[in-house]
Amino acid sequence: MLSIVLALFALAGPQATAGDTVDDDISEAIFDASLEELLATPMEVWSATKTKETVDSAPSIVEVVTAREMTIWGHSTIADVLQNMLGFYIIDDHILPNVSVRGVSGGLGAQSSIIKVLINGRSVSFKSTGGNWLGPELIPVSAVERIEVIRGPASALYGADAFLATVNIVLKNPEALQGGILRARVGNETDVLGTSAFSDHDQTYDVTLGGTRKDWSFLLSASRQRETRDGLRLPTSSPAPLIPHYNADSDVSSPVDHRSRVLYTELSKTTSRGFWRLSGYVSEIERSGEFSPWTQLSRGTDDQGRSVGTTVHLVHTVLGVTTQLQASDTLTFDLNLSFFTGGPGNSDRIEVASDLFFVEREFSYHGFGSTLEMTWNAQEWISIIGGIEFLFDHETLPVNKRIDKTTGEEIGRTTSLRESIDLINPAAYVQAHMKIIPEFFTLTGGLRYDHHNIYGSKITGRAGSVFLWNDYVTTKLLYGSAFKAPSPTFLYAAPIQPGDTIGNESLEPQYVHTFEFAPSFRPSERLKLYTALAYNIILDKTEFVPSGVNVEAANVARVEGLSFEIGAQMALEDLISAYVEMELQRVLRDWGQSGYSSQLMGNRNVMSPPWIVRGGFSSALPLLTHLPLRASTTVMLVGDRRASAENILENQGPYTLPMYVAWNASLMMIDMEWIDNLPLTIALRGYNLLDSKVADPGFNGIDYPRLRRRVMVEAVQTF
Amino acid sequence: MTLSARTKMARVIAVIGIMASLCIGCIDDPAPMPEDAVKIGLLLPFTGADASLGRSYERAALMARDAVNSAGGIDGRKLHLITRDTNSSAEIAISALESILDEAPLAIIGPEDSEIARALLPILQNKRIPLISPVTSGSRSITLVKDYKWYRLAPSAAIMGRAFANYLWLKAEISDLAVVYTTGDFHLDFIGALVSRFEELGGTRRASVLLGDGTFSFSDAVSQVQMSGSEAIVVSAPVEVAARFIGEASISTQTPWSWFLSPLLETPVLPQNTYSGVLDGARGIGLSVDARNPEFEQRHAAKWSGTLQIGEYYYYDAVAMSALAAAIHQNVDDPTADSFSEALDQVALKSGIQINWNDLSRGIANALEKKDIAYSGLTGSVLFDKHGQQQRVVQKIWTIQDGKIVEDAQL
C-alpha cells in the first residue's frame, strides 16, 4: 500500500507539467494497484493548480479516470467518460457530442465549447467554432493514461473558454510504455433478437507506440474509426424538420459512414535541467449530416438520379513545442508554443434542399499561442505561478459557395460581412498556493488579466480553501470566475440557406461566477462518500436564439444554476467495485426580454436533465481460475429534458423528452497473458441494452435520436 | 475513525443534501399577470412562413405597452398583451385566438395576413370583439357583418398592388413582367390587382407562377420564369420562400433579372438570407409613415437589436390606440358589446385633443375623462372610414443597396 501511495504522489514529479513523464514504477504501481487501493489513495492531479496536488487537497472539484477504469466501465471516448461523470450530460447531434455542465448547455453549434479540453496541457479546440471534439476523433484511447476533469471555471489559469469545466487528457508515458498497444473494436447495432440491423459494422482501430533511447523518447498514436449511423429514426417530437422532397416519405437516416481519424505524435528529450518536446496533432471528422441543422435525412438519390446528401468534413492540426528549464531548486520556467490551423475538408458539402445546387463551405483559421510560465516554490508553505500568454488567430470567415449539382461548377457565393479577422489576446496571470497550516488548511488565490482586440479587457479570478480535517474528511470552499469569448462563428456566421444561423458582431463574452462547497468523506479504505453544492451565475449567456426566420447569436442575459451532486464509491480488493451517484440541477434563465418568446419558453432550463442517477457495479468472476474474467454494468437514469428554446417556439409550447434508462454491460478478460508479458484484453460490450428509443433535445426544428442498442467486441493487445 | 465521528459526518452530508434540495426550489418563477390588468390580444407569426415578422412587430407592441405602464397604466391598471403565435396559418391562428379569448381581452391586434383575418373574423364578429390589424388590410373575399368594424391601419393589398403597377409602368418603365407568388389572400390580392392594373396601362404579363406550399426547391418555377423571357420579376411571397426562390433563380440566367418585391418583403431578413449581391437594385413597394421618427428610432435601438421595420410603427400605434380606447372604455357607464369599438372610434377623431405617440400619459388622462381624442401616431394621424379602414394612405418605394433596405421615394 505504501508503495502505491508513494508512487502516486510521485506521479507528476517535482517539475511536472501536464502529461509529463512518469516512470516505469509509477505506471506499474497504478497498473498493479487493486481497485480498493486506488479508491483508498487520493490520486495526484496536475490540472487544478498546475502543480502536484491530490484530488482531496486540490482547490477544485476534480475527478480522475484512469485508462483501466475506462476499460472496466466500457468507456471508449472522452464523451463516454463525461457522460458517466457527475455534473455532465452529453447530447450527440450526430456530428459531434455537445456537453452540458451542471445543467448549462452551450446551445446550437456549441460543440462542447463551454469546456476547455487539453491534451497533455495543450488546447486542441477547433478555433472557428471554439468547439471541442470529444468523440473518437479527439485522441486514440490506447494513448490515454488518465483523464483529469475539473468541474467549475478555471479561466484564471487557463484563460478564455475554461468556462464551466476543464478536461486534461494525460497520455501514456513512453518510458513506461516501451512498446505499443493495439486496439481493435468492432460491432453493430442490433435488433431484439441480437442480429445485426445493418449491413455494415462499426470499426475502430487504434495503435500507440512509445519508447525511449538514452535521453530521447517518442510517442506515436493513431486511430481510425468508421461507424454506421443509419436507421436512426427522426424523433416524432421534432416540431419542424426540413426534409428534402426526394426523401419526404422517409423518417429514417440513410446508410452512411461516420469517419473519425486522429494522429498524435511527440518527441521529447530530457536535459540536465529540464526537457523539451515537439508534438503534432491532426484530427479529422467526416459525418453524414442526416440530422444536420440545414436539412435532415438529405442522403439519397434525387429525382434526377444524382447522389446527394450533406457531409460535414472538418480537419484541424496543432503543432507544439514545449520546453522546461529548472533554473534552480525552487524556480522552473516552462515555455509552450502552439501553432494551429483548421477548416473544412474536401468532402464538405451542405444540402440546402435545392434541386439546383448544394453549398460548399470555405473558411479557415491559423495562428499561434504562446505561454511563458514561471513556477516558484518560494518556501515550503507557498508556491507561486505566474505567466504571460499571447494568442493570435487569423480567421478567414465563411464563404458559402453554391455548386451546380449537374456541372459541379461554382455558380455564386455568399460572403460574411468581413473577409477575415484577426483575433489577438495577450494575457497575464498569477496564482499563489499556500499551505497556511500544513496538512490541515491550504489557501489558493489566482488572478488573470486578458485583453482581447475585439471585446476588450477581462479579469478573472479564483480563490479556494481546502480543509483536511483528518485522514477521512475534507472540505473545500471554492470560488472561480471565467469568461468565454464569442467564437468567430457566433460573431460572423453567414446563413448557408434561408433560415440558417446569423452571426452577431456586437456579442459580448459570457462570464461566469461559481461558488462551490464540496465535502468528502472516507469512512474506510473501501468506501468514499462525496458531495458538492455549486451555484453558477452566468452573465451574458450566448446562444443562438430565434430571430425572424433565422437564429442569431445573442447574449441572452442571465442564467442561474444550483447544482447538488452526491455520490459513493466502494471497492473490495480487486474483486468488486461499485458506485452510485446522483445530481440535481436547478437552472433558471432570465431571457432579458419580455414578450411572447420568453413567456413561452419560461425561465425553466432547456436541454439538460434536472436530475441524473448513475450506478455501476463491476466484479471479478472467479469462474475460471486461470482467466481474469470480469463483468461490469452501468445504469444511468436520466430525467425529462426540456426542448431547446428554438424548438419550443416552433412547437408553440414547451415540451419535454421523456426520462430514460441507459443500461450498458461488459464481459471481459483483462490483461490475459496468453503470451508471456504480452497482456491481452478482450471484451464483449453492450450499450443501451434495453434499446431505449429515446431522443435528446435538438435545434432547428428537430430532436436527436439517441443511439440504439449496440454490441461491440474489443481487443487490446499490449506488446 | 470512531463510529460517532462517522455518524456525525454522514449527518453533515445529509443536512447539506437537504439544504441544497430546499435551495434548489427557492428561485422564484416570474410574477403572474395582475387580475385587474387591461387585456389586449396580440396575434403574431413567430413561426411558419412569416416568422420573420412576428418578433419585429412584437417589439413595437411591447414598447407601446411599456410606455403605457410606465406612465401609470390605465387608471392604475396595467396594460397586458396576451400574445400568441399564428404559425402563419389560419388553422393555428384560430386556436391561438380561442386561447386568447379565454382571457377575455378587449380587442385583438393582428394578424399578419388577410387570409388569417378572414378565418378569424367570423369568431370575432360573433363575440363583437374588435380586430385591429396594423399591417393587414381588406381582401375582396372578406365580407363584414353589419355594424362590425374591422380596424385596419394599412392600405389594402389591392391598393398597393395597383400603386405598384403604376410605378412599374410609369416610373420604372417596365413594359412586360413575370409574377411569382404564393397562395394567401394578401399575395393573391396584391398580384391580382397589380397584374390587372398593369395590363390596363398597356403592359404585358409574360408569366404567372404560383410557388407551391411546403416546397424548398423551385427549379420548375425558375424554368417557367426563364421561358417567359421577361427580365422584370415581381415576387409576392413569405420571406423564406422568396429568399429560396430568388436564390435559385439568380443562378439560372446569364442576364441579371430586375426584382420587384411586395410590401411583406421589406425586411432586412430578405437580403440577409439571399446570396450576396443578388438583390442589389431590387425595388419594392411598402407602407410608409409620414416621416421617420428619430426619437422612436433611438428608443427602439436602445431596447432592441436589429433593424427597425416599418410595420413596427403600425403595431406601436395599434397598441397605443387600444390603451387610449381602454381608458375611455373604463369609465363607460353602461358598457355594451360594442362599447370598446366605440371607444376606438373616439380616439381617432378629426377634431379632439391631439395626442402624439410619445404623449400617452396625457392621452390616457384625457381619455379617462372621456374627452375626444385625435391620435396622431407614428404612422401619422388616424381616421377610420365606416368599415374601420384607415383613410389616409401613404406608400413608398424602397430599394436594396449593398444588402440593405433604403427608402427610395414616396408614392
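Here are some friendly notes on the predicted model above, point by point.

1. Ground rules. This is a predicted model, in which local features need pLDDT of at least 70 and side-chain atom pairs count only at pLDDT 80 or more, while totals for chains, interfaces and linings use all residues. Residues are numbered from 1 along each chain as its sequence is written, chains are lettered from A and ligands numbered from 1 in the order in which they are written, and side-chain values use heavy atoms, with hydrogens and water left out.

2. A nonpolar surface patch on chain A. Have a look at L182(A), L209(A), W216(A), F218(A), L220(A), L263(A), L267(A), L278(A), V282(A) and F719(A): they form a nonpolar patch with about 800 Å² of accessible area together. Patches are made of residues with over 30% relative accessible area and no salt bridge, with like charges joined within 9 Å and nonpolar side chains (Val, Leu, Ile, Met, Phe, Trp, Tyr) within 5 Å. Areas come from the Shrake-Rupley method with a 1.4 Å probe, and for residues only the protein chains shown count as cover.

3. Where the patch comes from. Strands β13 (216-228), β14 (257-271) and β15 (274-288) of chain A each supply at least two of its residues, and β13(A) gives the largest share, 3 residues. Helices (H or I, at least four residues) and strands (E, at least two) are DSSP runs, numbered from the N terminus. W216(A) lies in β13 and counts as partly exposed because its relative accessibility is 37%. For these labels, buried means under 20% relative accessible area, exposed over 50%, and partly exposed in between (1.4 Å probe, protein chains only).

4. How many bridges pair β20(A) with β21(A)? There are 20, in the antiparallel sense, and S370(A) stands opposite F390(A) in β21(A). Two strands count as paired if DSSP finds at least two bridges between them. A hairpin through 2 residues joins β20(A) to β21(A).

5. Other neighbours of β21(A). Strand β23 (residues 420-437) of chain A runs antiparallel to β21(A), with 15 bridges joining the two; here G386(A) faces V430(A) in β23(A). Strand β22 (residues 410-415) of chain A also pairs with β21(A) in the antiparallel sense, over 4 bridges, and V399(A) has T415(A) as its bridge partner. The hairpin of β21(A) and β22(A) has 5 residues between the strands, and G408(A) in its turn has a positive phi of about 75 degrees.

6. Three strands of chain A form an open sheet in the order β4-β5-β6, with antiparallel pairing. Its edge strands are β4 (88-92) and β6, each of which pairs on one side only. Strand β5 (residues 97-101) of chain A is joined to β6(A) by 2 bridges, and S100(A) stands opposite S105(A).

7. Salt bridges. Over all chains, the search finds 49 salt bridges, each being a side-chain nitrogen of Lys or Arg within 4 Å of a carboxyl oxygen of Asp or Glu. One of them links D251(A) and R233(A) at 3.1 Å, N to O. Both residues lie in the loop between β13 and β14 of chain A, so the pair ties together parts that are 18 residues apart in sequence.

8. Two more pairs to inspect. E362(A) and K401(A) meet in a salt bridge at 3.1 Å, N to O. E362(A) is in β20 (residues 357-379) and K401(A) in β21 (residues 382-404) of chain A, so this pair ties together parts that are 39 residues apart. E362(A) is partly exposed at 35% relative accessibility, whereas K401(A) is buried at 13%. In chain B, D66(B) and K303(B) meet at 3.5 Å, N to O. They lie in helix α2 (residues 51-70) and helix α10 (residues 294-303) of chain B, so parts 237 residues apart in sequence are tied together.

9. Backbone spots worth a look. The peptide bond from G110(B) to P111(B) is cis, with omega near -15 degrees; P111(B) lies in the loop between β3 (107-109) and α4 (114-127) of chain B. Q111(A), not a glycine, has a positive phi of about 50 degrees and is buried at 14% relative accessibility. N120(A) also has a positive phi, near 50 degrees, and is buried at 10%.
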